[in-house]
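Student: I have a model open and would like to go through some of the labels attached to it. Can we take them one at a time?

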Amino acid sequence: MFGASAENLLRQAREVQDEDLQKFCSRIAALLQNKEYNKEAVDSLQKLFLIVSATKYSRTLSRDVLHKLHSTLCFLKAPQPVLVLCSAILREVLPCSALTLSCDEVNDMKTMSLLSSIILAQGSKNDEVEAVCSRVVKLLETRQAEGQSSRFLVPILSKVLDFAPATLTEEQVNAVSKKLVDWLRYASTLQGVSLSSGGFFSPRSRQPASILEVDGAVAGDFFTVLSIGQYYTEDQWLNMHSFSMIRKWLQCFGASGVNSNDADEKSELDSSVMSMVSASSTSSRLMPPKERLREKTFEYCNRLIEQSDRNALKKSDSELQKACLVEAVTLLDLICRQDPQFVYRAFPVVKALYGRISSDSVFARVLLPVTQFYLNHSELAAVDSEAVYRHLFTKIPSERYHDTMVAFEFFQFCRRNRKTLSENVGIFHKSFPNLLKFLAWNTPSLFPEFIELLPDLIRPDTSIEMLHSLLDLPCLTAALEAQLRSLTLLASDKVITDQSRKTLNSAEALQDQYYQSMFFYILRVEAGAGDTIDRLNLLHEVLLDMAQQPRVVQCAQTVPILLQVFFNVVTQFADGPLINQLVLVILERCSLLYNIPDFKTEVQRVFSSQLMVLCKLYPPLIVEQSKELLEFCGVVSNIINKENFFTHVVWAVGEYMSLSYDKRCTVEQITKFFETLEALLFEITQLRASACVPKYSPRVITVLMTTLAKLASRSQDLIPRVSLFLTKMRPFVRSALISSLYSEDDIQEILARANELNNLLKAPNVAQLILGPSADIANPRWYKDTNASLPLTLRTVSRVLQREPAPGFSA
């Protein structure tokens, strides 16, 4: 209902004609001229803002109304809603020639905030941005009149840092840095007073109370964002505003204050000496503004970490503590990267913090910046950080996979540090079973992040296990669902001791000792426990009640894409033994898949295309895996259940079972494949008048015929058997039973292929060249060199194929 109403309002706003708009603007100009800031004025301004913002093209307002909006914006006594609406309207319609804004003479902080937001929203002229920066810095340096507040100017600086930090001069940067030092470090530790109008109980008669800690104790040190008060003074508000933008400020201007060579020399000094120097307030005051800002920010972060150790009385304060810890550790990391001398002072603080929070997974988001700090500085501080990395990658995904924010930030952390993690952190590659839990539970939101991270997780020693894990990803989602549901069951009442009982509920199965080994494997935290499990069919049966869950189905839809990325990476480094293993997994798992609609079909489609890639990359695999391929090709049910994949396997056998690809290819091996495929083709083409004849696609039949012809051309004793079989294809497809199953186009396709192959096999030497060309047939010399034999061969083949049909094939 709300959507329809909103759409109706937008349509009406877009349909307002220019003539009606000018009349409406005249009425608004009259209201603003008379300073009638009543409900009618607010409603009219709201409608005007909707009109100018609802269309893609700019609406043209009269010069009169533009100047009235500007003058109202500069009128200090105008109500706040009116000021905000005037500012929003001008942001939509400017720039235009009818009005040029300037902040050179503005002295009111609130007006400056509104005007600068309009100017910066246009953001096309550097001189305008420079004028805003100059005015803001000048206002910050002047003594504030009563009722004025510098905190209106801090968002302006933050906005400038977003898109044009270079417009600030060195002098302006130093001036603002000095202000930030004062705001961060020297805010009042007494609470403010309420804005009461007086009376018998006026707060003027009471002394201001002290600022409190989150646990209710009186604050014993300087004010921070974690200091609690009923009312806040102006400098306390500025303290909180400054902390919100200090990281952005240091990122833009912090590094320029330290010479890199000097920093390297300082980093080699003894940590105790550095602590003594930094602890001296006199030396701190003698620092340049940027270095002093880093020093005070460092003290501020230490104070926040100390405050976060207190037990908060309110849950909201507890959440604020975690957020402040994230920001404090991130700032410490930034300061240490800009000036390595801080590393020796920061590491004991961060190490103590890690020891305090590592045992509680609710601090998972804090562990990310802590680990980032160890990644960046543990080598300089000569600290062993392997335990920190192992804790992060093994514990957090298992316990916080259902926390979407933790999952997203975890993947962001991995992406930012992918090079360092890949080269220096061994647990990173082995933890992919754990990282997959994040993806399995949060597939829609994390899929783009994981796609970028996946290539960095694939290594030769774990690639087979990774392939199994990707295929089992929907099972992992189902197991996580079952794990959460099982938490509601009473284990003592639900444990099943009778192994002959069939468990229908996956949550119950998770409690059953008979199935626990399977769940332990699928929910493992680290690679290396084995490639897969022996009882996959049983696992799929147990998890069958989860197969239709939306989360499981969504996860299954991403697996084909993940497999494609996986094979693209693996084929870049795979050697012969690894390719053999991959093919074995493909043959085994093409039927061992979780029973989700369309899941098997899509996975088999990827397997089909990748089998061709692997065969082309390493053709000897057909000979080396001949036993497994024979077993696969000899089963008729494989055609019914996985026709597309079966067709590709048969084609690969015909293409690469050749002496030109592998010297180990023997006549015995060719004959075995020939007899297996011959029996298979005979079985699917024989007539069974008394039974229902299954329909096999013409593609399967033609590929089988072609593969038999290819194998026969390499062992010419088999040619008579193929020719006899090809001759019998016409009575087969023209029989009444088969004709009712196939269309005329399908029949003609089968007959045409049989005719072509039969004619080709009448010239065995030509058939061997055409059906089994050498591997270098793609060399351009075979097509450009007139002395080469291929052009002559092609002409010969053309004459062979254009002969009259053989007996039995006449129309």
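Tutor: Start with Ala382, which sits in the loop between helix H17 (364-381) and helix H18 (386-400). Helices here are DSSP runs of H or I with at least four residues, numbered from the N terminus. This is a predicted model, in which local features need pLDDT of at least 70, side-chain atom pairs count only at pLDDT 80 or more, and totals for chains, interfaces and linings use all residues. Residues are numbered from 1 along each chain as its sequence is written, and side-chain values use heavy atoms, with hydrogens and water left out.

Student: Why does Ala382 count as exposed?

Tutor: Its relative accessibility is 69%. Exposed means over 50% relative accessible area, buried under 20%, and partly exposed in between, with a 1.4 Å probe and protein chains only. Ala382 is therefore exposed. Ala382 also has a positive phi, about 55°, although it is not a glycine.

Student: What makes Lys35 partly exposed?

Tutor: Lys35 has 45% relative accessibility, so it falls in the in-between class. Lys35 lies in the loop between helix H2 (18-33) and helix H3 (39-53), and its phi is positive too, about 55°.

Student: Why is Ser697 called buried?

Tutor: The value for Ser697 is 17%, which is under the 20% limit, so Ser697 is buried. Ser697 belongs to the loop between helix H37 (667-685) and helix H38 (698-714).

Student: What makes the pairing of the Ser697 and Glu643 side chains a polar contact?

Tutor: The distance is 2.8 Å. A polar contact is a pair of N or O atoms within 3.5 Å; within protein, one must be able to donate a hydrogen and the other to accept it, and residues adjacent in sequence count only if both atoms are side-chain atoms.

Student: Why is H36 called roughly parallel to H38?

Tutor: The axes of H36 (residues 643-656) and H38 come within 8 Å and cross at roughly 15°. Angles under 35 degrees count as roughly parallel, over 145 as roughly antiparallel, 65 to 115 as roughly perpendicular and the rest as oblique. The crossing angle therefore makes H36 roughly parallel to H38.

Terms used:
Helix = DSSP H or I, 4+ residues; strand = E, 2+ residues; numbered from the N terminus. Axes fitted to C-alpha atoms, helices over the stretch in contact; angles between N-to-C directions.
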